[in-house]
Amino acid sequence: MSAASLHRFIPFLAVLGSVTALGIGTSWAKQWLFPAVGAQGTTAIRVGLSAVLMLLLWRPWRWRLSRADAQAIALYGAALGGMNLMFYMSLRTLPFGLAVAIEFSGPLAVAIWSSRRAVDFVWVALAMAGLGMLLPLGLNGSTLDPVGVLYALAAAVFWALYIVFGKRAGHLHAGHTVSLGLLVAALVVVPVGVAHAGAALLSPTVLLIGVAVAAVSSAIPISLEMMALKRLPKEAFGIMISMEPAVAAVLAMALLGEHLTALQWLAIGCVVAASMGSAMTARPRQPQAVAAA
């Protein structure tokens, strides 16, 4: 393969690496941190240490911040904190891949709502079909825990808000927005984790694993996504990131032993197809900063 061809593949490899790293970090958190500090403590460790890493990496105090931008980042960070907390709460009783698939309804709803063209009804139908196979509606024989599903749906709402508020700060440098947003998110979730897990959060083992989780599930994905966004059209990036539910399900099967039924795999396929279709048919818009949670 020539150097030029390899260069063209780098953005796609970066997105794949981002999705994979995020899945590995979350799997580690569920396997090693949940038993020690619970979902609330895990969220506090992951978000809190991620904030420290990103503050050291980007040093946001170098940039000026207007009052309006500070308000936008505060809302963005609060949504980010809520999204992480609700998602980790859902993982207590839901398989990783299915929780991601349900959570994906948030950004998909934002994408479709901002367009509202005839073709979007196809993606709505696909997404609803996928969710209908997963949600415990009493009609499809779903055995998923209803409380876990509600937490995943709450995470979807917070993810939608995260996108909406993130757009308000989209004119800022991505590192500026992400580092300060994670700081606000930490202020939201760390008190919840401390109230739940207390001094267990300061265990050297928990902190060591927490640093690894924070690096793999935050610092690495954000850096890779920023690299990809500089070289890919937003629509192509959206198509690539739509792989996340499927990648999460595969990693959960390999790392956590979470095996899904054929119907659940079909449901994930419907959500992925809806997300990819929405990205492919989206109207071009001005580029904006996007950050991984």
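User: Where in the chain does Leu-65 lie, in a helix or in a loop?
Analyst: This is a predicted model. Helix H1 covers 3-58 and helix H2 covers 67-90. Leu-65 falls between these two helices, in the loop.

User: Is Leu-65 buried, partly exposed or exposed?
Analyst: The relative accessible area of Leu-65 is 37%. Buried means under 20% and exposed means over 50%, so a value in between has its own class. Leu-65 is therefore partly exposed.

User: How far does helix H11 reach from its first C-alpha to its last?
Analyst: Helix H11 spans residues 262-280, which is 19 residues. At 1.5 Å a residue, 27 Å is expected. The reach in the model is close to that, at 27 Å.

User: Which helices do the buried residues of H11 pack against?
Analyst: The buried residues of H11 include Gln-264, Ile-268 and Val-271. The buried set packs against helices H3, H4, H5, H9 and H10.

User: At roughly what angle do the axes of H3 and H11 cross?
Analyst: The crossing of H3 and H11 is left-handed. Gly-97, Leu-98 and Ala-101 of H3 meet Gln-264, Ile-268 and Val-271 of H11. The residues of this contact are 4 nonpolar, 2 polar and no charged. The two axes come within 10 Å, and the angle is roughly 35 degrees.

Conventions. Residues are numbered from 1 along each chain as its sequence is written. This is a predicted model: local features need pLDDT of at least 70, side-chain atom pairs count only at pLDDT 80 or more; totals for chains, interfaces and linings use all residues. Side-chain values use heavy atoms; hydrogens and water are left out. Helices (H or I, at least four residues) and strands (E, at least two) are DSSP runs, numbered from the N terminus. Buried means under 20% relative accessible area, exposed over 50%, partly exposed in between (1.4 Å probe, protein chains only). The expected span of a helix is 1.5 Å times one less than its number of residues. Contact means heavy atoms within 4.5 Å. Axes are lines fitted to C-alpha atoms, for helices over the stretch in contact, and angles run from 0 to 180 degrees between N-to-C directions. A crossing is left-handed if the near helix is turned anticlockwise from the far one by less than a right angle, and right-handed if clockwise. Ala, Val, Leu, Ile, Met, Phe, Trp, Tyr, Cys and Pro count as nonpolar, Asp, Glu, Lys and Arg as charged, and the others, Gly among them, as polar.
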